[in-house]
Amino acid sequence: MRSAAGAGTAERPSAEEEEAQVRYAFRKLGFYLVAAWVAVTLNFLLPRLIPGNPVEILISRMSQSGTIPADEDQVLTRLLGLGTGNIFQQYWQYLDGLAHLQLGLSITDFPTPVSTEIASSIYWTLILVGTATVISWVLGIVLGTLAGWKRGSKLDAIIPSTTLLTAMPYFWLALILIYLFATNVWHIFPAGQGYNTNSDIVPGWNLAFLGSAVQHALLPALTIVISSVGGWLLGMRNLMVSTLSDDYVVAAEARGLPPRRIMISYAARNAVLPSVAGFAISLGFVVSGAIVVEYVFSYPGIGFKLVDAVSNDDYPLMQGIFLVITLAVLGANLIVDLLYGFIDPRTRLSR
Amino acid sequence: MAAAVLAGGLLAACSSSGSSSPSSSGSSTGPTGVLTITTGAAGTFADDFNLYSPNAEDATNGMIYEPLFFFDTAKDGVVDPWLGTSYQWSSGGKTLTVQLRHGVKWTDGKPFTSADVVFTFDQAIHNTALNKFGLPLASVAANGPYAVTINFTQPAYTDAYYALGKVEILPQHIWASIKDPATFLNTHPVGTGAYELGSFSGQVFTMTANPHYYLPGLPKFGTIRFLAFSGNTTSDAAIESGEVDWAGSYIPGIQKLYLAKNKNFVVSDIPLSTAFLVPNLTSGPTANLAVRQAISTALNRTDISDTVYNGYASPTNPEALILPNYSSVLSPSLSGASFGSPSAAAAKNILTKAGITTPLNLTVDMVSGYTDYLSDLQIIQAQLKPAGINLTIDQPAYATFTSLQDTGKFQLLMDNFGYTPSPWAYYYSILDSSIAPAIGQVDTVGNFGRFRNAQVDSLLNQIAGTTNTAVQNPDFYKIEQIFAAQLPDIPLFNQQDEIEFNGNVVANYPSVSNPYGATAVYIQPDLGWVAARLVPVK
C-alpha cells in the first residue's frame with residue numbers, strides 16, 4: 001500500500017530485498033516450530049501436575065451414588081486404557097498420536113473421541129466470541145477515530161467511562177447483566193444456554209433454532225463487547241491524536257483536502273496499524289473462548305468444555321483443547337508477523 | 001439380603017412397585033406429556049449410551065437398558081422382578097439360577113431371550129475390563145430360552161445386588177459384532193427399557209416412551225427431557241421457576257426459594273446416605289477415641305439441619321444406620337437411640353479426662369464449592385470452639401480432595417456414604433479393613449479413615465456368607481454396637497437428598513411413606529424404574 005507517509009516504493013524490489021524477505025520468513029517459521037514443540041510438550045506435562053488421577057476422581061464421583069465394588073479401580077484403568085508405560089513412553093505415545101492427528105478418547109465423556117468433543121463445542125465459541133470480538137473491534141476503531149478527531153468534544157469525554165468498564169471483571173459484568181436483563185429486573189433475555197433447550201427446537205439449519213440461538217447469544221456477546229471495546233477505543237483514540245499532529249496531516253490540511261478524507265485516509269489509516277496486529281492476535285484467542293463468560297451463561301462453547309475437563313482430570317480432552325488453542329494463537333501470530341512484513345516494511349529490514 | 005424366590009408373573013412388578021395412585025390414565029390413553037429433568041451433573045451431554053462407560057448418560061442405566069431385578073435403593077430387602085422373574089441360590093452361594101420374563105422385545109422388534117443374558121455375562125468373563133462390578137464370575141449357561149445359570153468362583157451372596165440389580169442386559173444380535181465394546185460409541189441404543197432415545201444435543205436430549213413396553217400401562221409420560229446446566233446456580237434458577245419438574249439440586253433456604261413459590265412444589269426427602277466427619281484413625285489426634293467422642297458430644301446436629309437445610313437432612317443416629325431404609329437390621333437395643341443433648345462442657349471434660357491439652361487444633365477437608373458443606377462446617381467450627389477444639393476448614397478442589405481422601409492424608413474429612421439397598425454393603429464400605437491399605441497407599445473403595453477391627457471384619461464376613469437373616473441380624477446388631485462405641489466415623493445427618501418435584505406436572509413420586517424407588521435423579525437404575533411409574537398430572 002502506498003501510504004501518505006511514503007513508506008512504500010512503487011519500483012520492483014531489488015534481489016537483496018527479496019532475499020531479506022525470504023530470510024525473514026524462514027527465521028519466523030523456525031521460531032514458530034520451536035515454540036510449537038515447547039507448547040505441545042507443556043500440554044503433555046501440565047495436566048499431569050494436577051494432583052490425583054482420573055480413575056480416582058471417577059470412582060469418587062461414582063461413590064456419590066452407590067457403593068464401590070473392590071477392584072473397581074483396576075477395571076476402570078483397563079477400560080479407559082490408562083497407565084500403560086512410564087511417563088516417557090506416554091510422551092512418545094502422545095507425540096505419535098499427534099503426528100497421526102489422533103487426540104485420543106475423552107475420559108469425562110468416555111468413549112467419545114476428543115476431536116468430536118472439540119468439534120461439537122468450538123463452533124459455539126467461534127460464532128459467539130468471534131462475532132463479539134469483531135463487533136467490539138469495529139466499534140472501538142470507529143469511536144476511537146471520531147474521539148481522536150474531535151479531541152475534547154463530548155464524545156471524547158466518555159473515554160474514561162469505557163476504561164472503567166474494561167477494568168470490570170467479565171463474570172461480575174455478566175452477573176449484573178443477568179440480574180438486570182434476565183432474571184430479576186427485566187425479563188428480556190434468557191439467562192443462559194446456547195438455545196432454548198426446554199422446547200421442541202432441534203439444532204440445525206432451521207429458523208426456530210437460529211432465532212433462539214441468536215437470542216441466547218445476545219447477552220453473553222454484550223458482556224464481551226462492553227468489557228473489551230474500551231481497550232480498542234482508547235488505543236485508537238490516542239494514536240489518532242498523535243498521528244493528527246504529524247507533518248503529512250498538517251500538509252494535507254494545508255492543501256485544503258476535505259476534513260473527512262484527512263480523517264479517514266490520512267490519519268485513521270496510519271493510526272489503525274497497531275490495532276490490526278492486536279486484532280489478529282485477539283482472533284487467535286477467540287478459540288480459547290471467554291471461559292468465564294461461557295461458564296456464567298452455561299454457554300456450550302470450548303471454554304466451558306475446558307473447565308469441565310480440568311475438574312475431571314480429563315488429560316486427553318485438556319491436551320486436545322490446549323493444543324487447539326495454542327495452535328490458533330501461534331497461527332494468528334505467525335500470520336500477523338508475515339503480513340506485517342508486507343504491510344509495514346520497516347519491520348522486516350533489519351540492517 | 002433375602003434370596004427370595006420371587007413370585008413370578010407380569011403383575012408382580014406392578015403390584016409391588018407401590019404405584020398406589022388410583023390414576024386411570026396410561027393404559028387407556030397411552031403415554032402423554034413432557035417431564036423435564038436435570039440430574040445435577042455439570043457440563044454438557046455426550047452422545048453416548050454405552051453402558052460400559054463409567055460416564056454413560058444417566059438415562060442409559062434403567063431407562064434404556066434394564067437389569068434382571070430391581071433392588072430398591074430406598075428400601076432394604078425389596079427386590080422386584082424386572083427382566084428376570086425369580087432367582088435361586090445353590091451350591092453354597094456359588095450358583096445362581098434365574099428365570100426370565102417371557103414376551104419381552106428389544107426396541108428393534110427382536111425377542112429378548114436367555115441368549116442375551118448369557119452373552120452379557122460372557123462379555124464380562126472374557127474381558128475383565130467389561131466386568132463392570134468386578135464380579136467373581138466363572139461361567140454362564142442357558143437352560144432353555146427363558147432361564148440361565150450363573151456360576152461364581154466363590155460364594156457370591158453379597159454380589160447379588162451387582163449381578164442381578166446392576167448388570168444390564170445387552171442385545172446379543174447387535175453387540176456380538178462390535179469389536180471393542182469398551183470404546184463403542186452407542187449413539188443409537190437398542191434396549192428393552194420403557195424409553196427410547198429421541199433427539200440429542202449437547203445441552204438437551206429427549207427420551208420417548210417405548211410404545212411396545214412389556215409392562216401394561218407403563219410408562220405414563222410420553223417424553224422425558226434431560227437438561228444440562230453449568231452448575232447449581234443456573235440449575236437452581238430453572239428449578240425455582242418451575243421450568244424443571246424433577247431435580248436433585250441443593251437449594252439454600254428451600255422453604256422460601258422453592259416451596260413457598262407454588263403450593264404444588266414438593267420436596268421428597270428419603271434418607272439414602274449418611275454425612276460423616278471421617279477421622280484419620282491411624283495417626284494424629286483423631287486416632288484417639290476421646291477426641292472423636294468430644295467432637296460428637298459437642299455437635300448440635302439439629303441446629304445444622306435447621307439452619308442449613310430448613311429442617312431437612314435430619315440428625316442420624318449413633319450407629320449411623322440409614323433409617324427407615326435398613327430398619328430390618330436395627331438392633332432392638334438401639335431402637336430409637338439418639339445422640340445426647342449437645343454439650344461443650346461435657347466435650348471439654350472428655351478431653352481433660354483423657355489428658356488432652358486444649359485448645360486442640362484440627363483441620364477438616366471438604367470439596368471446594370460444596371456450599372452446603374461449608375455452611376455445615378462453619379456451624380460445627382463455632383460449636384467446637386467452646387469445647388476447646390479449634391477447627392480449620394480447608395477447601396481443596398475435587399481432584400485434590402479425592403487424592404487426600406484416597407491416600408489417607410487428612411485429619412478429618414467431610415463426606416457421605418450410602419446409596420445402596422444393602423446394609424452389609426454400607427457397613428462394609430465404611431468399616432472393613434481389607435479394603436483400606438496403609439496410609440499413603442491408594443484406597444478407592446472406602447473406609448478412608450483406615451478402621452481396623454478384627455471382630456467387625458469377621459462379622460461382615462459372616463453376614464456375607466449366608467442369606468439367612470436369623471444368622472445375619474445378630475451380627476448386624478454387634479456391628480452397630482461397636483460403631484456407636486468406637487465412633488470410627490462421626491455421623492452427622494442424613495445426607496440431604498432434597499429431591500424437587502413440580503406437583504403441577506408430575507404425581508406418584510416415591511416418598512418416605514411409599515419408597516418404591518430412590519427419588520434421587522442421579523441414582524441408577526432407580527431413575528429408570530421410577531421414571532416409568534411417574535404419572536402426568538391431568
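I call a residue buried if 20 or more other C-beta atoms lie within 10 Å of its own, exposed if 12 or fewer, and partly exposed in between, with C-beta atoms placed from the backbone. By that rule, 54% of the 538 residues in chain B are buried.

I am working on a predicted model, where local features need pLDDT of at least 70, side-chain atom pairs count only at pLDDT 80 or more, and totals for chains, interfaces and linings use all residues. Residues are numbered from 1 along each chain as its sequence is written, and chains are lettered from A in the order in which they are written.

**Overall form of chain B**

I looked up the secondary structure: 16 helices and 20 strands (DSSP runs; helices are H or I of at least four residues, strands E of at least two). The C-alpha trace spans about 75 × 55 × 45 Å along its principal axes.

**Core**

I took a nonpolar core as buried Ala, Val, Leu, Ile, Met, Phe, Trp, Tyr and Cys residues joined through C-beta atoms within 7 Å. The largest has 215 residues, and B:Leu277, B:Ala294, B:Ile295 and B:Val364 have the most contacts inside it. I then checked contacts (C-beta atoms, placed from the backbone, within 7 Å). Beyond its neighbours within four places in sequence, B:Leu277 touches B:Ile295, B:Val364, B:Leu412, B:Met414, B:Ile490 and B:Leu492. Of the chain B contacts with a separation of 6 or more, 72% join residues 24 or more positions apart.

**Side facing chain A**

I found 51 residues of chain B in contact with 45 residues of chain A. On the chain B side, β10 (221-227), α6 (232-240), α12 (398-407) and α13 (423-431) each give two or more residues. The largest share, six residues, comes from α12(B).

Notes
Contact = placed C-beta atoms within 7 Å.
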